[in-house]
Amino acid sequence: MIPLLDLKAQYASIKSEVEPAVMRVLASGHYVLGEEVARFEDEFAVYCDAKHAIAVNTGTSALHLALLAAGVGPGDEVITVSFTFVATASAVCYTGARPVFVDVEPATLTMDPAKLEAAITPRTKAIMPVHLYGQMADMDAIKSIADKHGIAVIEDACQAHGAEYKGRRAGSIGVSSCFSFYPGKNLGACGEGGIVVTNDDEHAKKIRMLRDWGQEQRYHHTLKGFNYRMDEIQGAILRIKLRHLEAWTEARRVRADRYSTLLADSRSVRVPVVMMDRRHVYHVYAVRSRDREHLQHSLRSEGIHTGLHYPIPIHLQKAHVDLGYRAGDLPVSEAAAREVLSLPIYPELTLEQVDQIAAAVEQDAYVS
Ligand SMILES: *Cc1c(COP(=O)(O)O)cnc(C)c1O
């Protein structure tokens with residue numbers, strides 16, 4: 001059996017580093033926002049080539065606070081994409097603002113800058129592209145439109161730790177950028193975690209206050225804040241994992257390249273498109289298939305588990321019917337939602353397993 005993701009394999013490879021660090025935190029008596037979290041913040045800011053990093057309890061909280069720091073609130077609109085994990089839009093709704101969806105580019109499945117200008121209104125307060133699957137959106141095109149209208153750009157980089165656009169890291173381009181450390185992400189905690197990265201001193205200060213009850217000084221609540229703090233145990237584990245992240249990312253890239261080479265002329269699937277000016281970190285390796293359900297079933301019968309990221313775009317989710325979208329409004333997103341299939345990808349997946357999976361995908365082409 002080949003799982004979609006194997007977190008136990010990764011843990012086994014770093015157990016000897018993680019366990020003493022966790023024991024140290026347990027013995028320290030200090031469990032929330034301490035030395036480990038503070039050092040992780042510094043180290044992650046360096047990793048992203050950004051000035052500040054503020055650790056929080058989830059990626060969703062990171063998005064929420066980044067939006068609040070940009071002044072987003074009731075009556076505002078935030079332009080984002082529908083072909084993403086639901087948290088992207090939910091975080092906008094938390095602020096009282098309304099998510100406005102633009103379609104994605106057919107090749108990269110990230111925000112289509114050509115659709116952006118028409119979606120801007122006097123209420124638009126922020127633009128939030130998603131670096132889907134680990135490939136950054138077309139940030140120069142998006143930023144130049146945003147700058148022209150004086151609108152903030154916030155990166156949803158929850159799937160894109162270490163991704164690059166024209167040599168610039170995810171987290172270094174938007175006014176602020178948000179990452180998730182959900183266990184399955186490229187850098188994952190042993191529990192929940194997230195972080196906001198920014199070069200803006202004012203945003204950093206505000207986000208730091210908002211994550212801890214809006215206080216600058218204990219029991220002096222300047223802002224209406226939240227309990228979005230990160231645990232010391234997660235901070236300690238993430239510091240250890242961050243040291244391995246580049247090697248893990250390279251391992252993902254090698255496996256993705258091998259899939260893409262083996263499946264380049266596939267009759268069954270189309271491989272992901274990677275732009276020359278970007279470093280894709282392959283949080284997800286999604287192929288596109290005309291008969292996805294059939295392919296998923298036949299792989300499953302060979303013991304190969306696959307995933308769907310994502311089968312229903314947010315504008316067609318029941319939870320968001322109030323936004324008033326209908327089927328057909330975002331055709332590129334809707335086609336992607338029907339066709340994408342995520343193949344197993346993680347650093348511990350062997351190259352032989354990649355070969356076996358690619359062969360099973362090709363086998364399906366001749367059967368169907
Ligand atoms: C995972 C993810 C989030 C939310 O992160 P959590 O840590 O699970 O709250 C937001 N946006 C995208 C694109 C994600 O993949």
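**Around the ligand, and a ring cluster**

Let's start at the ligand. It has 15 residues around it, and Gly 59, Thr 60, Gln 159, Ser 180 and Lys 185 come nearest. A residue counts as near if one of its heavy atoms lies within 4 Å of the molecule.

A word on the source. This is a predicted model: local features need pLDDT of at least 70, side-chain atom pairs count only at pLDDT 80 or more, and totals for chains, interfaces and linings use all residues. Residues are numbered from 1 along each chain as its sequence is written, and side-chain values use heavy atoms, with hydrogens and water left out.

Now the N and O atoms. In the side chain of Ser 180, one such atom is 2.6 Å from a ligand oxygen. For the side chain of Gln 159, the distance to a ligand oxygen is 2.8 Å. Asp 156 has a side-chain N or O atom 2.9 Å from a ligand nitrogen.

Next, the rings. The structure holds 10 aromatic pairs (ring centres within 6.5 Å; planes under 30 degrees apart are stacked, over 60 edge-to-face, the rest tilted). Take Phe 40 and Phe 181: edge-to-face, 5.4 Å centre to centre, 75° between the planes. Phe 40 sits in helix α2 and Phe 181 in the loop between β8 and β9, so this pair ties together parts 141 residues apart in sequence. Helices (H or I, at least four residues) and strands (E, at least two) are DSSP runs, numbered from the N terminus.

Which residues do ring pairs link into a cluster? Phe 40, Phe 44, Tyr 47, Phe 179 and Phe 181.

Key
Rings of Phe, Tyr and Trp (its six-membered ring) pair if their centres lie within 6.5 Å; planes under 30 degrees apart count as stacked, over 60 as edge-to-face and the rest as tilted. A polar contact is a pair of N or O atoms within 3.5 Å; within protein, one must be able to donate a hydrogen and the other to accept it, and residues adjacent in sequence count only if both atoms are side-chain atoms.
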